[in-house]
Amino acid sequence: MSQTAYGSKKRNLGLSQPEVNPDDVIRCYKRYISFSVQQPPTYKQFIINMEGKMQDRDFLTDSQLLLRPGIQYDPFAAYEIVRTRLIDKLAL
């Protein structure tokens, strides 16, 4: 039986782990982006960019190459977690 990276009781990665604090991740992102670019993307730009990527086959399949054989990865489930736990908080 294969494992899944998101949505499975067997294997949860990254933001799906309860000990990961989304506010800490956002704080680190904001600090990084403040010295990386002159004008950070707005929430709307971020969403438009990600929605475009979620239609791109190459973007949707490239993460699978980084995972151990036998681990399934659902980029749509992963994006939903990232969107709800991180990106939506950028609008606040």
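Predicted model: local features only at pLDDT ≥ 70, side-chain atom pairs only at ≥ 80, totals over all residues.

Q: OK, at what angle do helix 2 and helix 4 pack?
A: About 165 degrees, with their axes 10 Å apart. Axes here are lines fitted to C-alpha atoms, for helices over the stretch in contact, and angles run from 0 to 180 degrees between N-to-C directions. That makes helix 2 roughly antiparallel to helix 4 (under 35 degrees is roughly parallel, over 145 roughly antiparallel, 65 to 115 roughly perpendicular, the rest oblique). Helices are DSSP runs of H or I with at least four residues, strands are E runs of at least two, and both are numbered from the N terminus.

Q: Which residues meet there?
A: Tyr-43, Phe-46, Ile-47, Met-50 and Glu-51 of helix 2 meet Tyr-79, Arg-83, Ile-87, Asp-88 and Leu-90 of helix 4, where contact means heavy atoms within 4.5 Å.

Q: And helix 1 against helix 4, what's the angle?
A: Helix 1 (residues 22–36) packs on helix 4 (residues 75–90) at about 50 degrees, axes 10 Å apart. The two are therefore oblique to each other. From helix 1 the contact uses Pro-22, Asp-23, Val-25, Ile-26, Tyr-29 and Lys-30, and from helix 4 Arg-85, Leu-86, Lys-89 and Leu-90.

Q: Where's the kink in helix 4 centred?
A: On Arg-83, and the kink is about 45 degrees. The bend at a residue is the angle between axes fitted to the seven residues ending there and the seven starting there.

Q: Which residues of helix 4 are buried?
A: Pro-75, Ala-78, Tyr-79, Ile-81, Leu-86 and Ile-87; buried means under 20% relative accessible area, exposed over 50%, partly exposed in between (1.4 Å probe, protein chains only). Their cover includes helix 1, helix 2 (43–53) and helix 3 (57–61).

Q: Switching topic: is Leu-15 buried or exposed?
A: Leu-15 has 11% relative accessibility, so it counts as buried. Leu-15 sits in the loop between strand 1 (3–4) and helix 1.

Q: What does Leu-15 touch?
A: Leaving out residues up to four places away in sequence, Leu-15 touches Val-20, Val-25, Ile-81, Val-82, Arg-85 and Leu-86.

Terms used:
Residues numbered from 1 in each chain as written. Heavy atoms only, no water.
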